[in-house]
Amino acid sequence: MEFGFSEEQNILRNSVTDFMEKECPPEYVRELDEKEEYPHEIYGKMSKLGWFGLPIPEEYGGSGLGAVDLIIVGEEMSRFSYEIAAGFGISVFCGLNIIEHGSEEQKKFYIPKMIDNKIRLSISITEPNAGSDAASLATSAVLDGGSWVLNGQKTFQTASDAKDTVMSVYVRTDKDLPKHKGISLILVPNDTPGVEIRRIKMLGRKMLHTNEIFFEDVRVPKENMVGELNNGWKMLLSGLELERLYGCSTFIGSSQTVVDLALEHSKQRVQFGRPIGTFQAMGHMLADMQTEVDAARLLVYRAAWMLDQGMPCMKQVSMAKLFGSETYARLSNQGMQIMGGYGYSLEYDMQRHFRDSRIITVSAGSSQMQRTVIAREMGLRVV
Amino acid sequence: MVEFTEEQKRVRDTVRKIAEEKVAPRAAEIDETDEFPLDYVDVYAKNGLLKATLPKSSGGLDADTMTLCLIVEELARAYASAPQMLITTGAVLQVLSKAATTAQLQRFLKRLEKGTHICSFALTEANYGSDAGNLQTRAVPDGDNYVVNGSKAFITSGEVAELNLVFVRTGGRGTKGISVIVVDKNSHGFHVGNKEHKMGFAGTGTVELIFDDVEVSKDNLIGKENEGWRLLTNIANMMRVWGAGSTAMGNAQGALDDVVEYVREEVQSGKPEVDFQAIQFMLADMAISVETARSLIYRTAYVMDRNGASFKDVETLVCMSKCYAADVGMKVTSDAVQIVGGYGYTKGSSIERRMRDAKSVQIYDGSNQIQRIVAARNLLS
């Protein structure tokens, strides 16, 4: 059993930490959160270092990193900002999907632009009546001459309104086939005529924005379809392990920061003549919190290692998602409790963790869906 | 055991109507603007609720603890912030009616008639939260007056309060050097400072209060000098059951109401969401939690109203009620967000607001950690 990282991995971790310490101070994150602005500036700097190409194969201009490498990046980045790490992942994983299923022309056209930060990629699945039951999506695409014509509505779409974003939109291309079989993937630039994006005010995710998207006779060239017609559901599920694991890595980095903030407060805040962290109830609460972060971290590391070995690991990934997301949400609540009124004040960072963490047990496969996946992997026909 | 009197039922039904017709429709707007809801003040005043804790002889409702619990529960069921001004005002008037002289009480009540009737309970300071016994705002005798200097933090209703019940240091260190004085908002040198910018609990007028050489007549001292801490522990802390406890529980009940309504209509994977057992069990657990919190609160109110139990037993029940109801409130509202999913996380959804508001109850009015300290101390002593 080997718990260490390779030397390259240690260097990778250090370089991410060094960069984030320099370019992503708490004031920067606070300001973007308050102004509800997309982190263009820092993504520009990351792209200069080639980060958006980290998991992209070398033949398409990337570095070809594996799962363990990538979660190191996510963990370190999210220690400084959950949202910046999350938004990074959205572009990168949409890019990997194009690598996996797209045509040679699509790869050569979109991937270098994504790596150079000239465009952003976003994903678009959820609809008002298709949430956990995503395969019920109804937004339609009909071929008309050389174009696909899209009509319908998506909701809860993260970061789709950032400038020059190409959206990976899952659409229904055949209503007569069973629901999982009539779905396709089409790339739609967010400034295409007929696309209307409306921001939904949310409790958290203030930088990346969450949107409704309306498609009204939106025409894109036939060539914008990724992969084969009616093969979208398979594409949606492919690469899911790595994408989820990267998400998990952002939960553990963020959770660690929550513990660090609470710990620092408990050392500095003096009540009844001593630092509150020296009260046993507080000390034990913090001990539990760090234990939970480490447990979540190990679940993520294990699943990433399995993925790199080519082993099936859907169950382990789902466990990491379930436990990691619940941990971040629970810990930010406890961190706020430890900081008392200051934790509840909008002038401190803990409330941002509380707000941002609350959606992660809901989004990208809710905790309930993860439990269903785990139970099915255990041989139970849970419905 | 829990059988309400005709009077209690009457008050509850009146408040429920107010909550549904006047409070609930404004909740989202107040949450958005963080403005102190003066329209609530009007409705509460019209129905005598601001003076609920006063005896009938002073124009009050002479409400017992059970009645206060029902009032706060019904309001919080509509909007958790809504009862907060009643809680601060009610607690201050309760202290005054029990510890002030008749002349003082009449003078203060007359003063309140000229304004909004709202009072604040000014105990917490920036560096003395849980450790309030070491507070530093100082009142120094000067002829017929005290001169008050210092500041208070996180003071609910302080933005608009006519009178502030202020805990000050008049003697030596610790809880034995603390007195209680009433400071009028019109006093020279008294300033309402910054509004606390909070994650939730909007519209509660929570501010910093600043005392800059404020001269306060010695006639405004409540009870004896340096005996203020007893007023806190013997009278005011008991408000935690009908104040924070009922706020948390009413808010949780409201979240449960909302989520049940949502789930009935929602369809996922081709079947109604109510058909999923995981959802059913979550709902059942939420209802169990709310009901046990309610039972504990009602039992505590019943014991308090019967006047038979020892101070220690009552204090323990009050601590348990506040702590348990606040934890239930957090869990139930968070589970409600989980069930409703993305829609429950959307700004302006009642469920998202209830979760943010629920958090503050675990922190304010003696954090849940302090409640556990007191409960444990009473168990062990």
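Q: Are α5(A) and α8(A) roughly parallel or antiparallel to each other?
A: In this predicted model, the axes of α5(A) and α8(A) come within 10 Å and cross at roughly 170 degrees, and since angles over 145 count as roughly antiparallel, the two helices are therefore roughly antiparallel to each other.

Q: Which residues in α5(A) meet α8(A)?
A: From α5(A) they are A:Tyr82, A:Ala85, A:Ala86, A:Gly89 and A:Phe93, and the residues they meet in α8(A) include A:Tyr246, A:Gly247 and A:Thr250.

Q: And how do the residues of that contact of α5(A) with α8(A) divide?
A: They divide into 5 nonpolar, 5 polar and 1 charged.

Q: Switching to α9(A) and α10(A), at what angle do they pack?
A: Helix α9, residues 280-308 of chain A, packs with α10(A) at an angle of about 160 degrees, the axes being 9 Å apart; the two are therefore roughly antiparallel to each other, and their crossing is left-handed.

Q: What does the contact of α9(A) with α10(A) have by class?
A: It has 16 nonpolar, 4 polar and 2 charged residues, with A:Met285, A:Leu299 and A:Met306 among those in α9(A) and A:Phe323, A:Leu331 and A:Ile338 among those in α10(A).

Q: Now α11(A): why is it largely enclosed by the rest of the structure?
A: Helix α11 of chain A, residues 350-358, is largely enclosed because 9 of its 9 residues are buried, including A:Arg352, A:Phe354 and A:Asp356.

Q: What do those buried residues of α11(A) pack against?
A: Within chain A they pack against α2, α5, α8 and α10, and from chain B the partners are α10 (311-340) and α11 (342-345).

Technical notes. Residues are numbered from 1 along each chain as its sequence is written. Chains are lettered from A and ligands numbered from 1 in the order in which they are written. This is a predicted model: local features need pLDDT of at least 70, side-chain atom pairs count only at pLDDT 80 or more; totals for chains, interfaces and linings use all residues. A residue is buried if 20 or more other C-beta atoms lie within 10 Å of its own, exposed if 12 or fewer, and partly exposed in between; C-beta atoms are placed from the backbone. Helices (H or I, at least four residues) and strands (E, at least two) are DSSP runs, numbered from the N terminus. Two residues are in contact if their C-beta atoms, placed from the backbone, lie within 7 Å. Axes are lines fitted to C-alpha atoms, for helices over the stretch in contact, and angles run from 0 to 180 degrees between N-to-C directions. Angles under 35 degrees count as roughly parallel, over 145 as roughly antiparallel, 65 to 115 as roughly perpendicular and the rest as oblique. Ala, Val, Leu, Ile, Met, Phe, Trp, Tyr, Cys and Pro count as nonpolar, Asp, Glu, Lys and Arg as charged, and the others, Gly among them, as polar. A crossing is left-handed if the near helix is turned anticlockwise from the far one by less than a right angle, and right-handed if clockwise.
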